[in-house]
Amino acid sequence: MGGVYSSKKMADIFAYESSDIDWCEDNYRHSEHVVEYFNTMSNFFFFIISPIMLYLLHPYAKERNLAIHLVWVMMIFVGLFSAYFHMTLSFVGQMLDELSILWVLAVGYMVWFPRKHFPSFIKDRSTFSKLVLLITVVATVSSFVKPTANAYALNCFGLHFLYILAVEMRRCTDQKALRLAKQSMALWVLAISCWLSDRFSCSFWQKMNFCYLHSIWHILIAVTAAHSSTLIAYIDANSEIPYSLPGLQYWPCDKWAVGFPYIVLKTTSKLQKRC
């Protein structure tokens with residue numbers, strides 16, 4: 001009897017629309033197998049942007065630490081699990097979606113958090129990474145018991161990282177880095193505005209017959225991640241591998257600073273202002 005109950009409970013959490021969350025887009029409007037069609041399809045931008053960023057940041061990662069590639073490898077899983085969640089609106093899909101974001105933040109925390117901001121009792125990045133890994137594992141396990149635990153962990157990682165980034169940018173005199181910071185902030189504000197408006201102003205957008213703000217959020221947050229992670233990586237490069245004289249460029253058009261930002265490592269010994 002207990003085995004039957006467990007099997008039923010397991011089936012329930014995988015069932016379509018077993019999540020408490022339902023976004024503004026009309027369900028099953030474009031496909032009988034996909035609950036939120038555009039919210040699902042918009043995640044494919046993660047599959048496009050992630051390989052581009054892996055390629056563009058490879059020279060920096062090769063010099064600094066190849067583990068940095070894990071950030072954008074994990075972003076592929078963010079897109080995959082988010083697509084699965086919006087396709088099914090299942091509880092398992094929701095958990096995978098949220099936990100993949102947590103692990104991206106955790107990996108970024110491990111590889112990029114500035115050494116000078118480590119707690120006094122931590123002396124090296126290896127120890128710091130183990131501590132972050134432990135916290136992330138505990139938050140992950142706790143999320144299956146109490147799903148809100150993941151939200152607390154996400155906010156702690158995200159807000160603390162934003163605070164440290166703001167502190168670092170105050171000391172920055174590099175105009176390209178400052179411009180990238182402004183671009184990242186503008187993109188983030190636009191993205192979060194779409195998320196909030198879809199979540200809390202759904203009735204208005206339904207009257208306008210435009211229920212696609214969450215799918216736009218997916219596209220904008222993927223682009224925001226490309227900009228903000230490059231900014232963080234640039235600060236890291238100036239701190240950890242200053243001898244390589246890191247610089248910022250844009251692909252495909254550096255002249256107008258349009259496209260995806262990435263780090264170039266210069267061979268010249270010419271002095272320049274850095275963060």
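1. Contact here means heavy atoms within 4.5 Å. On that basis, and leaving aside neighbours within four places in sequence, E25 is in contact with H30, E36, Y37, F38, N39 and C211. The model is a predicted one.

2. E25 sits in the loop between helix 1 and helix 2. Its relative accessible area is 4%, which is under 20%, so E25 counts as buried. The side chain of E25 also reaches the backbone nitrogen of Y37, at 3.1 Å.

3. The "binding site" annotation in UniProt, from an unreviewed entry, covers D22, W23, E25, N27 and E36. Of these residues, E25 is included in the lining of the second largest cavity. E36 is on the annotated list and is also among the contacts of E25.

4. W23, another of the annotated residues, is placed in the loop between helix 1 (2–14) and helix 2 (37–41). Is W23 buried or exposed? W23 is buried, because its relative accessibility of 9% falls under 20%.

5. Which residues does W23 touch, not counting those up to four places away in sequence? They are E36, N39, F85, H86, L89, W195, D198, R199 and H214.

6. Helix 6 gives the largest share, three residues.

7. UniProt, again from an unreviewed entry, places the feature "transmembrane region" at residues 37–57, 66–87, 99–115, 127–145, 151–167 and 212–235. Two of these segments can be set against the model. Residues 37–57 are 86% helix and 0% strand, with the end C-alpha atoms 32 Å apart. Residues 127–145 are 100% helix and 0% strand, and there the end C-alpha atoms lie 28 Å apart.

8. The annotation itself comes from an unreviewed UniProt entry.

Note on methods
Residues numbered from 1 in each chain as written. Predicted model: local features only at pLDDT ≥ 70, side-chain atom pairs only at ≥ 80, totals over all residues. Heavy atoms only, no water. Helix = DSSP H or I, 4+ residues; strand = E, 2+ residues; numbered from the N terminus. UniProt positions renumbered as here; feature names shortened; annotations may be inferred. 1 Å grid on protein atoms, 1.4 Å probe; cavity = no way out; pocket = protein on both sides within 12 Å on 5 of 7 lines; lining within 4 Å. Buried < 20%, exposed > 50% of the residue type's maximum accessible area, 1.4 Å probe, protein only. Polar contact = N/O pair within 3.5 Å; in protein donor to acceptor, adjacent residues only side chain to side chain.
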